[in-house]
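Here is a short briefing on how one protein chain packs together. Keep the sequence and the 3D view side by side as you read.

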Amino acid sequence: MTQVYFINQASFAPYQDISINVKPARLNTFIKKAQDLDLRLILGDRLFYDLLKCCNQNGTTKDDAPAQYVKLIMGCDYTNGLGQELSYDGLTPALVYFTLSRLVENDSIKYTANGPVVKAAEGNTHLSYSDTVKIAQQYRSIANSYTRGIESFLNANSTDFPQWQYNESLVTARQPGARIRSVDKTEFNYPAADQFFNTEIFYK
């Protein structure tokens, strides 16, 4: 299947400035990760792949794409279950901020024959690792806010998207930062396994 991108470099302009020095091919690397690892988690495999088949390589929808899929991708006004008129922004803003989060996290690191190194440029002061992480998490938080709009649209139009089901555990899984994903019983340093818990921390 030909690689399809729901967004391109021009899609970022309404939301966040990015350097013209970021090469389109490199940006596409992070767009693909945002699609495959973030958007697919929201939509589920079946709906995600159905949407890919409705798009051209540059993210425009095909002429014969079903109307409900075009609305999901591009956005529209709709009425929710309470009879309220709402405006839905489409997939673009969530994908833009998921991509920016991944770009910030990874673009300052280059891999060489001697291992990963941090880029240095004359006249520029690079952010500390902790500041970089904060910015990436801010972008991911914005993306998650737009994600709620996607989920609200799908909920209100569930009959048009039978492939999609809301999954609360996936909502928790995509939050930024460290969090407890599971609790494991162990006898490490304690004789009674059922009285001691070792938390497993998951980093996204």
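L47 touches Y69, L72, L154, F161, Q163 and W164, leaving out residues up to four places away in sequence. Contact here means heavy atoms within 4.5 Å. This is a predicted model, in which local features need pLDDT of at least 70, side-chain atom pairs count only at pLDDT 80 or more, and totals for chains, interfaces and linings use all residues. Residues are numbered from 1 along each chain as its sequence is written, and side-chain values use heavy atoms, with hydrogens and water left out.

**The nonpolar core**

- L47 is also one of the residues with the most contacts inside the largest nonpolar core, along with F6, L43, L51, L72 and I150.
- That core has 41 residues.
- Two or more core residues come from each of α1 (24-43), α2 (45-53), α3 (67-74), β1 (76-79), α4 (92-106) and α5 (129-156).
- A nonpolar core is a set of buried Ala, Val, Leu, Ile, Met, Phe, Trp, Tyr and Cys residues joined through side-chain atoms within 4.5 Å.
- Buried means under 20% relative accessible area, exposed means over 50%, and partly exposed lies in between (1.4 Å probe, protein chains only).
- In soluble globular proteins, nonpolar side chains tend to be buried together.

**The whole chain**

- The chain has six helices and six strands.
- Their order along the sequence is α-α-α-β-β-α-β-β-α-α-β-β.
- Helices (H or I, at least four residues) and strands (E, at least two) are DSSP runs, numbered from the N terminus.
- Of the 204 residues in the chain, 33% are buried.
- Take the contacts between residues at least 6 apart in sequence: 58% of them join residues at least 24 apart.

**Helices α1 and α2**

- Two packed helices are described by the angle between their axes and the distance between the axes.
- The α1 and α2 axes come within 7 Å and cross at roughly 115 degrees.
- Axes are lines fitted to C-alpha atoms, for helices over the stretch in contact, and angles run from 0 to 180 degrees between N-to-C directions.
- The crossing of α1 and α2 is right-handed.
- A crossing is right-handed if the near helix is turned clockwise from the far one by less than a right angle, and left-handed if anticlockwise.
- Q35, D36, L39, R40 and L43 of α1 make this contact with D45, L47, F48, Y49, L51 and L52 of α2.
- By class, seven of these residues are nonpolar, one is polar and three are charged.
- Ala, Val, Leu, Ile, Met, Phe, Trp, Tyr, Cys and Pro count as nonpolar, Asp, Glu, Lys and Arg as charged, and the others, Gly among them, as polar.

**Helices α1 and α4**

- The axes of α1 and α4 come within 8 Å and cross at roughly 120 degrees.
- The two helices are therefore oblique to each other.
- Angles under 35 degrees count as roughly parallel, over 145 as roughly antiparallel, 65 to 115 as roughly perpendicular and the rest as oblique.
- This crossing of α1 and α4 is right-handed.
- On the α1 side, the contact includes F30, I31 and A34, and on the α4 side it includes F98, T99 and L103.
- The contact of α1 with α4 has 10 nonpolar, three polar and four charged residues.

**Helices α4 and α5**

- The axes of α4 and α5 come within 8 Å and cross at roughly 165 degrees.
- So α4 and α5 are roughly antiparallel to each other.
- Their crossing is left-handed.
- Among the α4 residues in this contact are Y97, F98 and V104, and among those of α5 are I135, Y139 and I150.
- The contact of α4 with α5 has 13 nonpolar, four polar and three charged residues.

- I31 lies in helix α1.
- I31 counts as buried because its relative accessibility is 0%.
- Beyond four places in sequence, I31 is in contact with Y5, I7, N8, F12 and T99.
- I31 and L103 are 72 residues apart in sequence, yet 8.9 Å apart in space, C-alpha to C-alpha.
- Y5 sits in the segment before α1.
- Beyond four places in sequence, the contacts of Y5 include I31, K32, Q35 and N58.
- Y5 and K32 are 27 residues apart in sequence and 6.9 Å apart in space, C-alpha to C-alpha.
- D77 is in strand β1, and D77 is exposed, with a relative accessible area of 60%.
- D77 touches L86 and S87, leaving out residues up to four places away in sequence.
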